[in-house]
Amino acid sequence: MTDYGEEQRNELEALESIYPDSFTVLSESPPSFTITVTSEAGENDETVQTTLKFTYSEKYPDEAPLYEIFSQENLEDNDISDILKLLALQAEENLGMVMIFTLVTAVQEKLNEIVDQIKTRQLFHGTPVTIENFLNWKAKFDAELLEIKKKRMKEEEQAGKNKLSGKQLFETDHNLDTSDIQFLEDAGNNVEVDESLFQEMDDLELEDDEDDPDYNPADPESDSAD
């Protein structure tokens with residue numbers, strides 16, 4: 001025959017050791033106590049908290065304990081409802097085993113989820129969600145997302161660019177604007193000129209019509225032979 005009283009006393013001792021700062025005995029017959037559960041700090045150090053009250057039923061743990069939200073901080077009504085549903089589900093799944101630690105752990109995880117959602121809740125806190133303000137929010141969100149995509153594409157383009165334009169090269173290396181002059185200076189006396197080209201030009205016989213005594217600008221036939 002199961003000694004429910006002994007199992008309950010053993011669990012109470014374990015709980016007092018596990019939760020020394022948040023475990024409080026309310027009564028011994030029937031055994032009743034509270035455990036305060038606090039979430040981890042959120043993005044802006046927000047926390048949510050609840051104090052759970054448990055009362056052992058006569059045949060606990062073969063029967064579920066009685067439980068309730070004794071007090072809470074920063075929780076909304078739907079949060080409290082979700083926590084009570086969670087406790088009911090966990091109690092049913094753990095019948096036959098001492099379960100207070102399991103129930104408290106499940107609530108702890110739930111509070112951590114709630115505090116993670118606080119930032120999203122604050123976005124529309126006190127403002128009814130209408131088509132207009134939703135579209136305004138979405139437009140802002142899409143604009144921010146587009147800027148992120150543009151920045152990423154620009155970074156990828158810059159990283160993958162192997163060739164620079166002439167202007168970019170010029171701006172990158174200011175010495176390029178004197179490169180032609182430097183080339184001529186480096187060539188110095190090594191530049192060879194073919195003087196024969198100029199000699200051949202001297203040998204050309206170029207006629208100057210103005211030296212012809214018979215030349216008459218008004219008479220196109222004047223320069224013709226008689």
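Between which two strands does the loop that holds P30 lie? I looked it up: P30 is in the loop between β1 and β2. I note at once that this is a predicted model.

**Entry: the cis bonds**

S29 and P30 are joined by a cis peptide bond, with omega about -5°. I then looked at Y60 and P61. A cis peptide bond joins these two as well, and here omega is about 20°. P61 sits in the loop between β3 and β4, the latter covering 66–73.

**Entry: the strands around β2**

β1 covers residues 23–28 and pairs with β2 in the antiparallel sense, over five bridges. The two strands make a hairpin, with two residues between them.

How many bridges join β2 to β3? I find seven, and these two strands also run antiparallel.

I followed T34 to see both pairings. T34 in β2 is the bridge partner of T24. In β3, the bridge partner of T34 is K53.

Is β2 mostly covered or mostly open? It is mostly covered, as six of its eight residues are buried.

**Entry: the nonpolar core**

Next I looked inside. The largest nonpolar core has 27 residues. L15, F33, I35, L52, I100, V104 and L111 touch the most other members. Two or more residues come from each of α1 (4–18), β2 (31–38), β3 (49–55), α2 (77–93) and α3 (100–123). Which element gives the most? That is α3, with eight residues.

**Entry: E11**

I wanted to see charged residues that are buried. E11 lies in helix α1. E11 is buried, yet has no salt bridge. How far away is the nearest side chain of opposite charge? It belongs to R9, and the distance is 12 Å. A salt bridge needs the side-chain nitrogen within 4 Å of a carboxyl oxygen.

What does the side chain of E11 make a polar contact with? I find the side chain of Y60, at 2.9 Å. Y60 is also part of the cis bond to P61 that I noted above. Setting aside neighbours within four places in sequence, I list Y56, Y60, V98, M99, I100 and F101 as the contacts of E11. One of these, I100, is among the core residues that touch the most other members.

**Entry: D79**

D79 is in helix α2. Why does D79 count as buried? Its relative accessibility is 2%, and buried means under 20%. Not counting residues up to four places away in sequence, D79 touches I114 and R121.

**Entry: the salt bridges**

I turned to paired charges. Side chains of opposite charge can pair when their charged atoms come close. How many salt bridges does the structure hold? I find two.

One links the side chains of K110 and E113, at 4.0 Å from N to O. K110 and E113 are three residues apart in helix α3, so about one helical turn separates them. E113 counts as partly exposed because its relative accessibility is 43%.

The other links the side chains of K138 and D142, at 3.0 Å from N to O. Both lie in helix α4, which covers residues 131–160. They are four residues apart, about one turn of the helix. K138 is partly exposed, with a relative accessible area of 35%. D142 also counts as partly exposed, at 35% relative accessibility.

**Entry: N74**

My last stop was a backbone angle. N74 is in the loop between β4 and α2. What is phi of N74 near? I read a value near 65°, which is positive in a residue other than glycine. Is N74 buried or exposed? N74 counts as exposed because its relative accessibility is 55%, and the cut-off for exposed is over 50%.

Definitions and conventions:
Residues numbered from 1 in each chain as written. Predicted model: local features only at pLDDT ≥ 70, side-chain atom pairs only at ≥ 80, totals over all residues. Heavy atoms only, no water. Core = buried A, V, L, I, M, F, W, Y, C linked by side-chain atoms within 4.5 Å. Buried < 20%, exposed > 50% of the residue type's maximum accessible area, 1.4 Å probe, protein only. Lys, Arg positive; Asp, Glu negative; His and termini not counted. Polar contact = N/O pair within 3.5 Å; in protein donor to acceptor, adjacent residues only side chain to side chain. Contact = heavy atoms within 4.5 Å. Pairing = 2+ DSSP bridges.
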